[in-house]
Amino acid sequence: MRHRLLVPGAAVLSLLLAIPASAADYSPGAPGAGDSYYPESGNGGYDVSHYDLRLKYQPKTDLLEGTATLLAKTTQDLSRFNLDFGLKVSEVRVNGKKASFKASGKHELEVTPAAPLPKGKDVSVVVRYAGKPSELKIDGFTAWARTPDGGVVAQEPDSAVWWYPSNDHPTDKATYDISVAVPDGTQALSNGVLLSQSSKLGWTRYNWRSDKPQATYLTTLAVGKFDITKDTTANGLPVINAVSKDLGSNEGAAKASIERTTEVAEWLETVFGPYPFNALGGYVPNVPAGYALETQTRPFYGKKAFDAGTNVSVVVHELAHQWYGDSVSLKDWKDIWVNEGFARYSQWLWSEKEGEGTAQELADYVYDQHPADDAFWTVKPGDPGPDNQFDIAVYDRGALALQALRNKLGDKTFFAILKAWPTENKYGNASVADFVKFAEKKSGKPLADFFDTWLYQPTKPAAPAAKGASIATAKTAAKQPKSWKSIAATNGIHAHGDIHTEDGHRP
């Protein structure tokens, strides 16, 4: 005999409302942010607003212990989500409750919360971990370098996975509190302002705060023994510069270079507008790196940057990135020109200011130096490809495009654009296409074909285009500007990659 259960309609409705959404309604966040060059970088399903990192590092053993707290908001109904991280994790909690987790891929930490997370929910994620970051190899390289008295992490396009869990892509920027305990007599440097330091039981804890949006790869940590100088700018911003105590014969040149940080930044403000962050400075650790990196508020400089003596040009380059690359960050790594083309051009403008060759003379020299069959012209600064992302053409051809734009628009409009771009897009992300549209709007001129010629065609802009942009129009070859050697000396410095290599390229 079959029985039918009869339930009043209102009761059915109340039962349905009491049942949570089916697990089928939730899905995992993507294991990547969708970058065209680095599809495994970053993650989907959430946006991080703040990182709180509480760390302890023992230089003698390279042991890093950490508790990372991430504050985020979900952007979809999440059954689980990924963090980018490589060290060993002991516990994960989501909104205070233990979550299950496992490592996958090259640097993925898959987290499954105790209950699914609905879209638009504020989420806290606490990750406890420990490990020796210099022993972590991803694709055969590491971003973490041990030094005689500590350790350093600074690398582009990624570095966070070696020391804290994150959503490791520039499109998910956040603020930071970074607290680091190190043995007494050792210092810990990071981004932003040093809020406080205190000593207890043989350990000194340094508390740093970066209070403006910051991309993960722009976060840095340096532990060691440094000569530190402190100052304030005319506007009251704290300036902290640091040079390793065991830098050897490069010590004087390194100090003489980075101690001009305030001067350079004040000049850059006249070009790009107000400095966008809460602190200023730079540091030079004892690592054999041959590159520099625009880590936010406190650029990293490899000691080889000063092998040939003082190098103010590289300081100009990395500080220019505070506006172009740090405050206004790229949307996709193919948009690297919005970082490097402008930072290189700032070196040309510095040369012009110092009377060592105008930007026009430098542009003419670059154009003449590379014949039409030179591979230099096959690299497209607007989309160079991952293998050519830091090719010299991205820098020199990228800056050449800006000088051509300056000639096309005139100084008044051109410099108004240079200042308006980081002002109107402060703390955001933008693409090459966004800049083209921005320049068209500000100038009132169609510029798509112009930028296509100078940034996207794998050929040398022919005589008509060059003449129209007032580039290398003289019949005789352009002379080498006085500043050329000092600028060229920074070429290898901007080839980011393995911190252990001299030229910065990944193995």
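## Basis of the model

The structure is a predicted model, in which local features need pLDDT of at least 70 and side-chain atom pairs count only at pLDDT 80 or more, whereas totals for chains, interfaces and linings use all residues. Residues are numbered from 1 along each chain as its sequence is written, and side-chain values use heavy atoms, with hydrogens and water left out.

## Overall dimensions

The chain has twelve helices and 22 strands, where helices (H or I, at least four residues) and strands (E, at least two) are DSSP runs numbered from the N terminus. Its radius of gyration is 25 Å, close to the 23 Å that the globule rule gives for 507 residues, so the chain is as compact as a globular protein of that length; the radius is taken over C-alpha atoms, and the rule is 2.2 Å times the number of residues to the power 0.38. Along the principal axes, the C-alpha atoms fill a box of roughly 105 × 60 × 45 Å.

An open sheet of eight strands has the order β5-β4-β8-β2-β1-β11-β14-β13, with mixed pairing; two strands count as paired if DSSP finds at least two bridges between them. Its edge strands, each pairing on one side only, are β5 (97–98) and β13 (193–200). Strand β4 (residues 88–94) pairs with β5 in the antiparallel sense over two bridges, and Arg93 has Lys98 in β5 as its bridge partner.

Strands β6 (residues 100–104) and β7 (residues 108–112) run antiparallel and are joined by five bridges, with Ser104 bridged to Glu108 in β7. These two strands form a hairpin with three residues between them, and Gly105 in the turn has a positive phi of about 60 degrees.

## The four-stranded sheet

A second open sheet consists of four strands in the order β9-β10-β15-β12, and its pairing is antiparallel. The edge strands, which pair on one side only, are β9 (144–147) and β12 (187–189). Neighbouring strands of this sheet are turned by 20 degrees against each other on average, direction ignored. Within the sheet, three bridges join the antiparallel strands β10 (residues 150–153) and β15 (residues 221–224), and Val152 stands opposite Ala222 in β15.

## Backbone details in loops

Glu156 and Pro157 are joined by a cis peptide bond with omega of about 15 degrees, and Pro157 lies in the loop between β10 and β11 (174–183). In the loop between β19 (292–293) and β20 (300–301), Thr297 has a phi near 75 degrees, a positive value in a residue other than glycine.

## Annotated span and helix packing

An unreviewed UniProt entry places the feature "domain: Peptidase M1 membrane alanine aminopeptidase" at residues 310–454; such annotations may be inferred rather than shown by experiment. This span is 61% helix and 3% strand, and its end C-alpha atoms lie 33 Å apart.

Helix α5 (residues 337–353) packs against helix α6 (residues 359–369) at an angle of about 125 degrees, with the axes 8 Å apart. That makes α5 oblique to α6, since angles under 35 degrees count as roughly parallel, over 145 as roughly antiparallel, 65 to 115 as roughly perpendicular and the rest as oblique; the axes are lines fitted to C-alpha atoms over the stretch in contact, and angles run from 0 to 180 degrees between N-to-C directions. Tyr345, Trp348, Leu349, Ser351 and Glu352 in α5 meet Ala359, Gln360, Leu362, Ala363 and Val366 in α6, where contact means heavy atoms within 4.5 Å.
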